[in-house]
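User: I'd like to go through the labels used for this model and see what stands behind each one. Could you take me through them?
Analyst: Happy to, let's have a look together.

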Amino acid sequence: PSCLTMFHSSALPEIDLRSYLGRVRRYCPCPHECFLALIVYIHRMRHVAEYRRLPFSVDPFSVHRLLIAGITISVKFFSDFFYANQRYARVGGLTASELNSLEIQFLTMTNFDLSISVEEL
């Protein structure tokens with residue numbers, strides 16, 4: 001990868017993206033809005049990174065970690081029921097500490113703004 005961020009793993013994940021998303025949906029079910037929100041959030045992160053001149057890319061080394069961090073955040077925002085971070089971390093193949101750090105970075109790069117307008121969809 002050309003621009004490394006904390007979302008980048010040192011090696012390509014062994015699980016393909018479709019299987020990874022299926023695993024997350026099976027063991028950490030969440031409303032469909034969470035997945036839609038994730039698209040908006042990643043789009044925002046790209047713009048914030050451009051504005052602040054920070055490294056950011058969505059690629060095979062980062063996408064899995066971006067997804068699990070984003071799902072963890074969006075389910076907490078959109079749902080009254082969510083699991084502990086330890087569960088999301090385990091399902092996502094991370095330690096709870098790693099997920100906590102990714103969650104903070106994800107929120108920082110979205111300016112802690114999780115509301116989504118109709119126009120953004």
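User: Why are H2 and H5 called roughly perpendicular to each other?
Analyst: In this predicted model, where local features need pLDDT of at least 70, side-chain atom pairs count only at pLDDT 80 or more and totals for chains, interfaces and linings use all residues, the axes of H2 and H5 cross at roughly 70° and come within 8 Å. Angles under 35 degrees count as roughly parallel, over 145 as roughly antiparallel, 65 to 115 as roughly perpendicular and the rest as oblique, so H2 and H5 are roughly perpendicular. The axes are lines fitted to C-alpha atoms, for helices over the stretch in contact, with angles from 0 to 180 degrees between N-to-C directions.

User: Which residues of H2 and H5 meet?
Analyst: From H2 there are Leu38, Tyr41, Arg44, Met45, Val48, Ala49 and Arg52, and from H5 there are Phe106, Thr108 and Met109; contact means heavy atoms within 4.5 Å. By class, this contact of H2 with H5 has seven nonpolar residues, one polar and two charged. Ala, Val, Leu, Ile, Met, Phe, Trp, Tyr, Cys and Pro count as nonpolar, Asp, Glu, Lys and Arg as charged, and the others, Gly among them, as polar.

User: What makes Phe106 a buried residue?
Analyst: Its relative accessible area is 0%. Buried means under 20%, exposed over 50% and partly exposed in between, with a 1.4 Å probe and protein chains only, so Phe106 is buried. Phe106 belongs to helix H5 (residues 96–109) and, leaving aside residues up to four places away in sequence, touches Phe7, Leu38, Tyr41, Met45, Leu66, Ala69, Gly70 and Ile73. Residues are numbered from 1 along each chain as its sequence is written, and side-chain values use heavy atoms, with hydrogens and water left out.

User: Why are H1 and H4 roughly antiparallel to each other?
Analyst: Helix H1 (residues 17–27) and helix H4 (residues 85–92) pack at about 150°, with axes 9 Å apart. That angle falls in the antiparallel range, so H1 and H4 are roughly antiparallel. The contact involves Tyr20, Arg23, Val24 and Tyr27 of H1 with Arg87, Arg90, Val91 and Gly92 of H4. Those residues divide into four nonpolar, one polar and three charged.

User: What makes Arg53 and Phe112 worth a look?
Analyst: Most residues other than glycine have a negative phi. Arg53 has a positive phi of about 60° without being a glycine, and Phe112 likewise has a positive phi of about 60°. Arg53 is in the loop between H2 and helix H3 (63–78), while Phe112 is in the segment after H5.

User: Are these two buried or exposed?
Analyst: Arg53 has a relative accessible area of 77% and is therefore exposed. For Phe112 the value is 56%, so Phe112 is exposed.

User: How confident is the predictor in the chain?
Analyst: The chain averages a pLDDT of 93, and 98% of the residues score at least 70; pLDDT is the predictor's confidence in each residue, from 0 to 100.

Notes: Helices (H or I, at least four residues) and strands (E, at least two) are DSSP runs, numbered from the N terminus.
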